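Have a look at the sequence and the structure first, then read on.

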Amino acid sequence: MSALFDAVPDAVSVHEVSPRDGLQNEAATVPTARKLRLIEALVAAGLRRIEVTSFVSPRWVPQLADADDVARLVPRREGVVYSALCPNAKGLERALASGIEEIGVFVSASETHNLKNVNKTVQATLEGFRHVIAPAVAAGLRVRGYVSTVWGCPYEGAIDPRRALEIAQELRAQGCYQISLGDTIGVGTPRQTHDLVRMFLSEMPNAEVALHLHDTRGTALANALVGLELGIRTLDASVGGLGGCPYAPGAAGNLATEDLVFMLHGMGIATDIDLDKLWEAGKVAEAVVGRELPGKVHRAGVRSLSA
Ligand code: HMG
Ligand code: MG
């Protein structure tokens, strides 16, 4: 029998989502220049995969109505990959015009959540992606796929994990390089995460699965650790714990990037991120939205007993 932590990796890739998942849920719309200040601070902290906006309808998500400007103006740096959510062909057109290098398509494992989020059934959404994923790949973009509400839905409750797996397989078949599994409303607990992640990793290579955990009920870090033990190597996170989903009532921020990185570095797992600078980026995020953020390390500071 293997010992606890035997299987954790040497290095983890963090997919930062605060400028998108964080800011999409803010009551007040943040001016473009402040968004760019946050993105600058994230790059300075060493983040190399940053989801900066969404090419969605500005009527549905007015907070990200400046997506074209944000994607065009982000600081281009060697090794930094920017991405943006993209629901349809119109979104892809905008993505291609902006020069962004990656898009994310998103679909829910729950019919009701999907209808509320994108006004289409799951099947129609997947069919619509034929006009997004393959053309994007052909144009040289990387495409990431999100499956939302995998751990549970705010409207339907429990979700059949086999349906989530079927959807993930369809996204891969259409050309997504990685599937990010969303605990959209933060209801997951470690045993459930164990069973879900085991099921996905028995059907898909580790590198093609990421976890996108909202910390609504304080279980995101525990679920992330279970994922790491089972072979997950990519985790989504949001600086300061900024975030939510406008079409998932009660959804709180993502797993805070500082909390994740504090745990990873403390366990000897490399990330290429400078935790002190990341903490500073959290302060920038706080100034940008003008309210206190919930992240634990964000509030307590990065100092550890060995420092
Ligand atoms: P719709 O109203 O059904 O769209 O919205 P439509 O195709 O009927 O078009 C209506 C109008 O919108 C038209 O304009 C289109 O041109 C325009 P009009 O002719 O009336 O002037 N339109 C667009 N404009 C700009 N960009 C576009 C676009 N598409 C259509 N791409 C739609 C359908 C998908 C557009 C809408 O429902 C939408 O934008 N939804 C986005 C919802 C969203 O962003 N949710 C949050 C992200 S998902 C999430 O947070 C979960 C995640 O974090 C993972 C997790 O936590 O689990 C990823
Ligand atoms: Mg999310």
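The report below covers the ligand sites and then the rings.

This is a predicted model, in which local features need pLDDT of at least 70, side-chain atom pairs count only at pLDDT 80 or more, and totals for chains, interfaces and linings use all residues. Residues are numbered from 1 along each chain as its sequence is written, chains are lettered from A and ligands numbered from 1 in the order in which they are written, and side-chain values use heavy atoms, with hydrogens and water left out.

**Ligand 1**

Around ligand 1 sit 27 residues, and the closest are Arg59, Asn88, Asn117, Asn119 and Thr184; a residue counts as near if one of its heavy atoms lies within 4 Å. This shell divides into eleven nonpolar, eleven polar and five charged residues, where Gly is counted as polar. Helix H4 gives the largest share of the shell, three residues. Helices here are DSSP runs of H or I with at least four residues, and strands are runs of E with at least two.

Some polar contacts (pairs of N or O atoms within 3.5 Å) are set out here:

| Residue and its atom | Atom of ligand 1 | Distance |
|---|---|---|
| Trp60, polar side-chain atom | oxygen | 3.3 Å |
| Gly91, backbone N or O atom | nitrogen | 3.4 Å |
| Arg94, polar side-chain atom | nitrogen | 2.9 Å |

Taken alone, ligand 1 exposes 1100 Å², and the protein buries 76% of that (Shrake-Rupley method, 1.4 Å probe).

**The magnesium ion**

Which residues coordinate the magnesium ion (ligand 2)? They are Asp21 through OD, and His212 and His214 through NE2, at 2.1 to 2.3 Å. Donors are N, O and S atoms within 2.8 Å of the metal (3.2 Å for Na, K and Ca), and sites may look incomplete because water is not among the atoms. Asp21 in helix H1 and His214, in the loop between strand S7 and helix H10, are 193 residues apart.

**Rings and charges**

Arg20 lies over the face of Tyr146, at 5.8 Å from the ring centre, and Arg142 lies over that of Tyr177, at 4.1 Å. Such a charge has NZ of Lys or CZ of Arg within 6 Å of the ring centre and within 35 degrees of the ring normal.

Note on methods: A polar contact is a pair of N or O atoms within 3.5 Å; within protein, one must be able to donate a hydrogen and the other to accept it, and residues adjacent in sequence count only if both atoms are side-chain atoms.
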